[in-house]
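Dear colleague,

I am handing over a structure for you to look through, and below it I have written out what was found. Please keep it open beside you while you read.

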Amino acid sequence: MQVEIWSDVVCPFCYIGKRRFEQALEDFAGKEQVEITWKSFQLDAEVKPGPGGMSVHAYLAQRKGVSEAEGKKMNDYMASAAQEVGLTFDFEKAVVTNTLNAHRLLHFAKKHGLQEDLKERLFAAYYTQGQDLGDVEVLVNLAQEVGLDSAEARAMLASDAYESDVQQDIYEAQQVGVRGVPFYVFNRKYAVSGAQPSSVFKDALEKAWEDDKPVMMPENSGGSCTVDGDCT
């Protein structure tokens, strides 16, 4: 069974959804036959790479058109939701940056069979350790940590390799009607949008495994992030 997951590495619900999906997968009888592919999606493709001195609270407030205090309140809610699945988000350390290179690195990792490991490492680096995912050396170090060759990773990042793959993923997202991430597609037939409860993911897994009938899932009630900066 193929499961494709569109997400961004700076999307809080994408990390939360990853944990909920993993919980569902753990209880799924056919888990050994599930192949997961992480697909690229950029919530803000225009943000400048590297630290710009803006806190993630101010950045969210700017995108939402609210005060910085309101932005912090939204992130506090995310941190609380993350705790429910065993994650600790530290938004005070988070570095606002462009994720294009991180997504290119994920495609590079896929080629070497380490995409899943790198995806988890990138999430943790951003949300719990405050590492700058726009910094090439940070990305090279994270790649090395999961078993990728650091010299090859650095050379790849110095080129434009896999940029077309990232854009293809984003184009595919538009074609299948992705409005927010995370977005899960099972066997190219069944879709789940948002960080749904584990029971919803398990139901989708079982339906995709057993039959060919489309399954309609709640679009946003599980929480998702949009390109407009909405994480609801």
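A disulfide is a pair of cysteine sulfur atoms within 2.5 Å. Please bear in mind throughout that this is a predicted model, and that the values below are computed from it.

By that rule the count comes to one disulfide, which is formed by Cys 225 and Cys 231, with their sulfur atoms 2.3 Å apart. The torsion about the S-S bond of Cys 225 and Cys 231 is about 115°, so this disulfide is right-handed. Are its two cysteines buried or exposed? Cys 225 has a relative accessible area of 0% and is therefore buried, whereas Cys 231, with a relative accessible area of 26%, is partly exposed; the cut-off that matters here is that buried means under 20%. Two further cysteines are buried: Cys 11 has a relative accessible area of 0%, and Cys 14 has a relative accessibility of 1%.

Next comes helix H5, which covers residues 115-127. This helix has 13 residues and reaches 18 Å from its first C-alpha to its last, which is close to the 18 Å expected at 1.5 Å a residue. Why can H5 be called largely enclosed by the rest of the structure? The reason is that ten of its 13 residues are buried, among them Gln 115, Lys 119 and Arg 121, as well as Leu 118, Leu 122, Phe 123 and Tyr 126. In an α-helix there are 3.6 residues a turn, so residues three or four places apart point the same way.

Rolling a probe the size of a water molecule over the atoms shows where empty space is left. How many cavities of 30 Å³ or more does the count come to? The count comes to one, and the volume of this largest cavity is about 320 Å³. Its lining is made up of 24 residues, of which Val 10, Leu 43, Tyr 59, Arg 63 and Tyr 126 are the closest to its centre; Tyr 126 is also one of the buried residues of H5. H2, helix H3 (68-83) and H5 each supply at least two residues of the lining, and the largest share, four residues, comes from H2. Sorted by type, the lining residues divide into 15 nonpolar, six polar and three charged.

The peptide bond from Val 181 to Pro 182 is cis, with omega near 10°, and Pro 182 lies in the loop between helix H8 (163-175) and strand S3 (183-186).

With kind regards

Definitions and conventions
Residues numbered from 1 in each chain as written. Predicted model: local features only at pLDDT ≥ 70, side-chain atom pairs only at ≥ 80, totals over all residues. Heavy atoms only, no water. Expected span 1.5 Å × (residues − 1). Buried < 20%, exposed > 50% of the residue type's maximum accessible area, 1.4 Å probe, protein only. 1 Å grid on protein atoms, 1.4 Å probe; cavity = no way out; pocket = protein on both sides within 12 Å on 5 of 7 lines; lining within 4 Å. Points joined across faces, edges and corners; volume = space filled by probe spheres on them. Nonpolar A, V, L, I, M, F, W, Y, C, P; charged D, E, K, R; others polar.
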